[in-house]
Amino acid sequence: MPSIIRVSGLTKTYASGFSALQGIDLDIQQGEIFALLGPNGAGKTTLISIICGISSPSEGSVLADGFDIVKDYRAARSKIGLVPQELCSDAFENVWSAVNFSRGLFGKPSNPAYIEKLLRQLSLWDKKDAQMRELSGGMKRRVMIAKALSHEPDILFLDEPTAGVDVELRKDMWQMVRELREQGVTIILTTHYIEEAEEMADRIGVIRQGKILLVEEKQALMDKLGSKQLSIRLQQPISEIPEDLAEFNLQLDDEGSNLSYCYDSRQEGDSIARLLRKLTKQGLEIRDLNSSESSLEDIFVSLVHEKEQ
Amino acid sequence: MNLYAIRAIYKFEMSRTFRTLMQSIASPVLSTSLYFIVFGTAIGSRMGNIDGISYGAFIIPGLVMLSLLSESISNASFGIFFPKFSGTIYEVLSAPVSSMEIVIGYVGAAATKSVTLGLLILLTAQLFVDYHIQHPVWMLAFLILTAITFSLFGFIIGIWADDFQKLQVIPLMVITPLTFLGGAFYSISMLPQPWQTLTLFNPVVYLISGFRWAFYGVADVNVAVSLGMTLVFLLICLTTVWWIFRTGYRIRT
């Protein structure tokens, strides 16, 4: 698949000396949903701001559909729609003119039929005459999406689309993103919710401290994320792991009083039950059990360590 | 040229005016009318003519300039400051528009408003004072040039300001005194030395003098000098705006 966005060697250093992006290389393929995952302050928004023209890059280049975002900014930007993270709107403007304003701004002749369709799709039609300040947060978010889609972009950026959004709107939004993809729109979303990436994305990129740590197909990454750890505290410490338990690759720690078992929560069938049966058979008494999932943060940490080694 | 974008920005700004009709049109017209009543009708009848013009008529060009300058600045500065303040500027920055198109949209709307306002004040003045305009075309030319120049100046202030106080400080602390001391209410030939010479460093003197010439054919300074100075200010503002967009000063991080 051809790449619709090509970021090469992109850096961003602020006047204060803070380096927000440290050499980003990234290819987004046409028609995919790409999730950019990272903790707060990782550089997600900075990256998006540069691609969309809100910030200037320090070094490196970005091509959007083959157009350089600096030299051919008109062609590049007219392909792109952006829903920013912050809900910001002109309080006294009404929904209908706000969305039509965006279309004009992006150089498109007015098309009331299209805007009507868009507002209906986003359940905003009955609010079209309402002023922005009268709308709830969720409704404002929908208006921001309508504004971003008003000029029929090929590429849509959603910066933290579901931050502070209720479950219903989140589901609606996911549905809408899928429909857009079916229409051929490439979607790049940032999130720090792993479930969101899992639900939506075809590919996931992980960014931390201004660097892309990895870009992978969702499935491959989810397999890593799927691992869980079971800690078994024993009544009596043991000196070594019994032969019989070798198949589980257990680890013995805490001076022999704790056994750790790593497993994939989605693939292992009855391994935990078998492990527990065998422990009983060996005469080991269990004092406590604790299972923990590797969190996003753990994954980041382990990724960072992998890179450092 | 992204004409749709210019139109969108212009329309957006104009609709802001109509939403705030009281504040943006009615209140300056009212306050200028108060000047006409107090200085023109009430006190003016006790004042002698200046350069052969009744005092009430003499102050009209200056009063129009006073409103024109302050309204151009406040309209344009608020127009660009507010999106910066509320964050909605992201949309303009991410749109396929050139800096020139942004300026034409915002400054064009601000200048349109203040020219409209200036004409409304002139119409209102008819109710209180008897006057006629000798050079209507030049009058319009000065009106429009000044409106554009000071809307550009307001646009620069709006970009420079990062809080509401900065937005107000230049209009209040610099422009208002310069206008009052720029010959709005007197002819500079009435000033003693060295003030008569010093006042020539006040740029507003040239604006008011040229504008008054268009009305009555009399001026404190030669009208060609007035026109030249107006164009110089326009050029300075244009250059500054060009520099702002080139460097991204206070707009693009």
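Helices (H or I, at least four residues) and strands (E, at least two) are DSSP runs, numbered from the N terminus. The views below come from a predicted model, in which local features need pLDDT of at least 70, side-chain atom pairs count only at pLDDT 80 or more, and totals for chains, interfaces and linings use all residues. Residues are numbered from 1 along each chain as its sequence is written, while chains are lettered from A and ligands numbered from 1 in the order in which they are written.

**View 1. Domains of chain A.** Chain A is divided into domain 1 (3-223) and domain 2 (227-293), with bounds that come from an automatic or database domain assignment. The centres of domain 1 of chain A and domain 2 of chain A, taken over C-alpha atoms, are separated by 45 Å.

**View 2. The antiparallel sheet of chain A.** The strands of this open sheet of 4 are ordered β2-β1-β4-β5 (chain A), with antiparallel pairing; two strands pair if DSSP finds at least two bridges between them. At the edges stand β2 (19-29) and β5 (67-68) of chain A, each of which pairs on one side only. Strand β1 (residues 3-13) of chain A is joined to strand β4 (residues 59-64) of chain A by 5 antiparallel bridges. Along this pair, R6(A) faces L63(A) of β4(A), and S8(A) faces S61(A) of β4(A). Between β4(A) and β5(A), which run antiparallel, there are 2 bridges, and A64(A) stands opposite F67(A) in β5(A). The hairpin of β4(A) and β5(A) has 2 residues between the strands, and D65(A) there takes a positive phi near 50°.

**View 3. Helix α1 of chain A.** Helix α1 (residues 44-52) of chain A is largely enclosed by the rest of the structure, because 9 of its 9 residues are buried. A residue is buried if 20 or more other C-beta atoms lie within 10 Å of its own, exposed if 12 or fewer, and partly exposed in between, with C-beta atoms placed from the backbone. The buried residues of α1(A) include K44(A), T45(A) and C52(A). Just after α1(A), the phi of G53(A) is positive, at about 95°.

View 4. Strand β8 (residues 186-191) of chain A is mostly covered, with 6 of its 6 residues buried. From β7(A) the chain passes through helix α6 (residues 167-182) of chain A to β8(A), in a right-handed β-α-β crossover. Right-handed here means that, with the strands pointing away from the viewer, the path from the first strand over the helix to the second runs clockwise.

**View 5. The helices of chain B.** Chain B contains 10 helices and 0 strands. Its radius of gyration is 19 Å, close to the 18 Å that the globule rule gives for 253 residues, so chain B is as compact as a globular protein of that length. The radius is taken over C-alpha atoms, and the globule rule is 2.2 Å times the number of residues to the power 0.38. Along the principal axes, the C-alpha atoms of chain B fill a box of roughly 60 × 35 × 35 Å. Buried residues make up 43% of the 253 in chain B.

View 6. An unreviewed UniProt entry lists residues 19-248 of chain B as "domain: ABC transmembrane type-2". UniProt positions are given in the numbering used here, feature names are shortened, and annotations may be inferred rather than shown by experiment. Residues 19-248 of chain B are 77% helix and 0% strand, with end C-alpha atoms 31 Å apart. The spans that the unreviewed entry annotates as "transmembrane region" include residues 102-125 and 225-245 of chain B. Residues 102-125 of chain B are 100% helix and 0% strand, and their end C-alpha atoms lie 35 Å apart. For residues 225-245 of chain B, also 100% helix and 0% strand, the end C-alpha atoms lie 30 Å apart.

**View 7. The contact between chains A and B.** The contact takes 27 residues from chain A and 22 residues from chain B, where two residues are in contact if their C-beta atoms, placed from the backbone, lie within 7 Å. On the side of chain B that touches chain A, α1 (3-19) and α4 (89-94) of chain B each supply at least two residues. The largest share of that side, 7 residues, comes from α1(B).
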